[in-house]
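Please look over the model below, then follow the text from the overall chain to its aromatic rings.

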Amino acid sequence: MTQVGFEDANRHSREEPLTGHELRDIKDAADLYQSGSFKLQIDALLPNVRPKESGREQLDRFLFALHTHCISIPSIEPLNPLAAAKALSKQGVAVPFAFPLPSRDVKWKVAFEPPREICIVGSWGNGITVKKQNGSRFGVDLSVEMPEILFQEKDYLDGRFFHKKSYYLAVLAQSISTAFDVDTFYSSVHGDPRLTSLVLRPRNGSTSHDFFKSHAEVHVIPVLSSLSPLSPSRLFPSHSNVRMPSSSSPPSFPTPIYNNAILLSTYANEALKSTHGLKNVLPAFHDAYTLLRVWANQRGYGDGELCVRGFEGKGSFWAGLLRYLISGEELVGTESGSAKLRKPLGKGLSSYQLFKAALDFLAKQKFGETPVFTKTTNGHRCPPEEYITHHPAVFVDATSTINFLSDVPLTSLDLLSHDAKETLEQLSNPGTCSDTFAECFLKNRFKLSSRFDAVIRVDLSQASRNQSTSALVEYGSSDAALLASISSTLRQGLGNRTQAIAILQPVTPCRPISSAESPSTFTVHIGLIYDPAHAFRLVDHGPSAEDQDSNVAKEFRYLWGSRAELRRFKDGRITESVVWEVTTSDERAHIPVSIVQHLLQLHFGISAKYARTLQTPFDSILRLPDDVRCLHRATGGYKAALTAFDGVVKNLKTLDEQLPLALLNVNPISEYLRYTSTFAPLPIPVSASTELPESLRFLPTIPIILEFEKSSKWPDDLKAIQKIKLAFFEIIAQSLMTSNTGLKASVAIDDSSNPFQGCAALEIFTAEGWSFSAFIWHDREATLLDRIIDPSKMFVGPSNQQYNAREQCEAKVAKELYTRRFIHAPRHHRAIANLCHKYSAYSGTVRLVKRWLAAHWLLQPHVSEEAVEIICALPFVGGKQKSTESAATVPHSKERGFSLVLEFLTDWKWEEPLCLPLYKDDPPAAAPEVWTSNGPDAIVVRRLRAFAKEASKALHNAETKIDIKSLFLHSTDDYDIVIQLNPAVLPRYYQNINAESSVWTRDSHLGMTESTPRPGFDPLPLFLADLQTTFADTLKFFADPLGGDRIGAIWLPGLESPRPFRALAGFSSKPLPKGDKAKDKELVMLNRQAVLDDIGRLGAGLVQKIIVHERM
C-alpha cells in the first residue's frame, strides 16, 4: 500500500471528521449540481477537451524555428501595391486585398520589414484552449507585430491599412512556405479579406518540422504596434473612413464595422494580458471558460459543422463575457440617462456557478435594447452614444478597444439567448431530459430538424446581389453584406412571430495562398423557433390610414411590397395590413415560412424553388389522396366528430326517464376525439355508402363509456351483470331509434368465450354517418373479479363456489381488459386531450409518429397507440410537473416534434421505465405496464431503434435533399415471408402510403348489393389476429394497420434445429429426411410448406400470393 493510501486508511479507521473542503464538495454536489454524478461527469469532461501534453515539444521547436525565421526575413523596398502583388504572384502567392481594391495611381506604397515582436496570443497563449466541435486542430494564434514605420497617419482611410496588412501577410506566406515543410493556407473569417490570417498545418511524416502529434495548427496574425501612427480617435464608430472612388469628398455614411476591424489588429496583445490577469485572480475562471466554450461549440457558436452567423472566430467574446460578469459594468452616461448597473460576481464562485451565471446573463440580456460596457480601469475612450447609435448590439471589452458584437446580427443574439434559456431550464429541472449532462455538453445541436420548428434551405447562387457600395465597405464581402441584409429583413418581417431566427452557414474553408478571395457561400440554412402566441396570426397590422405619408408607412409598404394594402377591420380601423389567406390548419402552420419565402423573393430575388422547406412534404403524409376526399362527400374532421359525439351524449341524456338508472357521464376513449388519429375521421352516411368502392368504405368506430348512477340492485354475479348490460343496451337502442329519425342502434356481441368478460356493446350509427360503440361501466365488476382471482379476498363465510385454474385465468384476462377500458382509458384520454389543447404541435407530432410506425409495420400489433401518445409527450412535458408552451425546450411544429421523438427512439432504453406526469391525480409511475403489457418485445424494440436511427440520420441531412416520403417506405427484404393481400377487398386501402387510385375506380365495386356501412370492419387486423393466434410458436407477424396490403413474417429462432417429436409441440413438423444415422429417426423438423399452405387456406379470398425469401 502506498503512503497516501495508508494515511487514508488510518484516517477512515479513526473516523476523523471530514475537512471543510470535502464538506463543501459534498454540499455543492447535492445543492449546486443537483447530483453527484453530474459533478463527476464535469470533472471527467474538462481534461478531455483540452490539448494533451504529447506533441507539445515538437510544436515548441517549430514555433522557435518560425520565430527565428520571421525576424530574419529581409526587408522589401516600398512598391506600388499592384506592382508588389504582381511580383508575389509570379512566386505563386496572391495578396488578399480588401474592398475597395487599390488602383495603379495611388500615392501610398506597401513594404516589408521584419516584425518587431512575435508572441503567442489567444487561448493557447493563456493555456485555456478548448477542443473544437468538429474535432479539427487546436488553433495556436501567433501575433506578428508589424513595424510602425510601415504605416502613415492616414492609413485608416480607404482600406490602406488592410492593403498593407495583406501584403505583409503575403510576404510571410511566401517566405514560410518556401522555408518550412508545412502546408500554408489563407483563412478569412466570414470570408472577409480584412480578417485574413495565415494557417500553417503540419505534414504527417515530415522530417524537419513535424508537429502533427500536437493536433494543432498555427495561425499567423499580423497586428499593429502600440506605437503605430494611426490615431484611435479616428476609429470611433461614427467616423467615416472610406471615400468612394466616384466622389472626391468624404462620404456621408459612418463605417463602424470597418473601424472595428482595424481595432481588432490592436486587440490581441491587450486581450492576452487581460485574460492572463483574470485567470490568476480567479482560480475557477479556466474551468468556467472551458464549460462555456464546450457549450457554445456544441450549438454552432464557433468552428464546427455549421456556424451561427456572426460567431465564426469570436473566441475572445466568451472570455470577455466572463470578464464582464466578474468585473462588473461601467457607469456610462447617455442621453437617455444611466442604466442600472450590474453588480460584479464574487471571486469565490465555483466554475459551475460562473457558467450558470453566464447563461443567466445571456438568457436575460436584450442586446438589441441594452448596451453592455465592461468595467475599465480608466473609463472608456469612446463616447457610449457613438456605440449605441451606430451598432445594433453593443458589448465593449474591458480594454475599451473593440465592440465584440459589431458584426453579429441580432437574429444570432436572439438564438443565443434562446439556447441559454433552454439550457437553464434543463439544469434547473433535470427531469426535462433523460441525460442533462449529455444535453448540455455532449450532444451537438446540428440536427436542424430537431432544433428548429422550421428549417429553410436557401440557395444564394440565385440571389440578386445589388448591395450598395457602403454595405460592401462595411461588411467586407458581398456574401457578408447579403446575409446581413437577409438577417435584418427577416427579423423585421417576422417580428414577434419567432423567438429566434438563425442563419447557419458552413465555416469559411481555408484556401491556398495562391487564391486571393475566399470561396463564396452558396447555401445557408434559416432556422425558425416560433413564438406560439403570435406565430400563426393571419394579419400583420401597419400604420393607420392617417399616416400614409409617414416614413413608417413607406417602410411598411417597402417591406411587404404588393402584399401591403389598406383594409377596414370590424372595429372600424383602417390600417395598412398584410393578410395571409389560409384554408386549412396546415396552411396556417406554414405562415412563418411563407413570410420568409415572400421576403426572400421580394427583396433578394430568391424564389420559393430555391428556398425549400420540409413542412409541405410532411403535410401530404397525413392527408388522404385528393380523389378520395372528392368521393367522400361528407364533411369530416375532428371538430365534426366532436360535434357528433356531443349530439349522441345529448340524445342519451334525454333517456333518463326510460332507463332504470340515471346516466351520469359519457366518457370518450377514442383517438378520433382527442386529435391524435393519424387521419382525421370521415363519416359515411348510408346514402353515400353505395357509391363508394370497397377499398374506400372504412368507417371508424368511436368507443365511449357509459357511467350510470350507483345502485344496490345490480346482481353480485359477473355473468348476471353481463345479462343486465344486454338489457340496458336493448332499452337504449329502442329508445334512441324511436326519438331520433335516421339514427340506428343495435347490440353487438363479440366472439369471446370468456364468461367474465364484457363482450357486448351498443353500436350507434348516426344519420350523418358517424359510428359509436358504447360500453357500460359497473365498478362492482372489479371486486368480483378480484374474488375469483384471489379467493382469500372473499368475505369470511360459508361458500360452496369453487373456481378452477382456467376460470381464474379467464378472470385475470377480464380484469386486465376491465382496468384498461374503464379505468385507464378515460384517464388517458383526458390527459392526452389536455396536451393537445395545451401544446399546438403535440397532435401533429403524434399523428406523424403513428404514421411512421404504421408504415414500418409496428403500430397496434406491437406498439399500442396509447404508448405512442405517451412517448410523444416526452419532448413536451419531459419530467416536469408544470410546463407551458412558451418553454424554450418545447417544440412548436409537428416536424420538430417528430424529429425529437425519433432521436429518443434511437437510444431508447426500453428496459427502463418511462415516467411522465400526465395524470394530475396519480403519480407518474401508476400502472406503467397498462399500455405496454402486450409489446413491444426485444425483437420489436431492436427493429424500432434501427428504423429510428436511419430516419433520424436522413433528417439530419444538412442539404435537406431527401424525399420525405422515403422515410415512410418500408423494405420487405428482411422478412422470411411476405403475404400479399387483395387491396380491392380492404376497406382501408386508401390510407396506404403507396395507394394506387386504380383500385378504387368506379367499376371496381359493380355488382355489390350491400348498402349498410360496416363500422370498424377491417379484414387485415382480423386476419392478422388469427395468424398470431394460430402460429404463435412458429412465426412473428408484422403489418401496416393503416391501409396495408401486405403482412410480413419471420420464423422464430430455434425452429431450425431438429428436435424429438412430441404432441402439442406448437408448430407443424415432419420427420427428418432419411439418413444413415439411426438416432435421427425419432427427430422432426419444421414443416415450412405446411405452414404456408395453412396460411393460404386461412386467408382464402383475401390472400393473393405468398412470397418466400430464401436466406443464404
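How much accessible surface does the protein chain have, and what share of it belongs to carbon and sulfur atoms? The accessible surface comes to about 50100 Å², and 52% of this area belongs to carbon and sulfur atoms; areas come from the Shrake-Rupley method with a 1.4 Å probe, and for residues only the protein chains shown count as cover. This is a predicted model, in which local features need pLDDT of at least 70 and side-chain atom pairs count only at pLDDT 80 or more, while totals for chains, interfaces and linings use all residues. Residues are numbered from 1 along each chain as its sequence is written, and side-chain values use heavy atoms, with hydrogens and water left out.

Along the principal axes, the C-alpha atoms of the protein chain fill a box of roughly 110 × 90 × 65 Å. The chain contains 35 helices and 30 strands, taken as DSSP runs numbered from the N terminus (helices H or I, at least four residues; strands E, at least two). Of its 1112 residues, 53% are buried, meaning under 20% relative accessible area with a 1.4 Å probe, protein chains only. Contacts are heavy atoms within 4.5 Å; among those between residues at least 6 apart in sequence, 74% join residues at least 24 apart.

A pair of aromatic rings is described by the distance of the centres and the angle of the planes. Rings of Phe, Tyr and Trp (its six-membered ring) pair if their centres lie within 6.5 Å; planes under 30 degrees apart count as stacked, over 60 as edge-to-face and the rest as tilted. The structure holds 42 such pairs. One of them joins Phe 373 and Tyr 387 edge-to-face, at 6.0 Å centre to centre and 65° between the planes. Because Phe 373 lies in strand S9 (residues 372–373) and Tyr 387 in helix H13 (residues 384–390), this pair ties together parts 14 residues apart in sequence. Phe 373 is buried, at 1% relative accessibility, and Tyr 387 is also buried, at 5%.

Tyr 842 and Phe 876 have ring centres 5.5 Å apart and planes at 90°, so this pair is edge-to-face. The pair links helix H29 (residues 842–855), which holds Tyr 842, to helix H31 (residues 874–877), which holds Phe 876, 34 residues apart. Both residues, Tyr 842 and Phe 876, are buried.

Ring pairs also link residues into a cluster, whose members include Tyr 267, Trp 295, Trp 318 and Phe 404.

Notes
Buried < 20%, exposed > 50% of the residue type's maximum accessible area, 1.4 Å probe, protein only.
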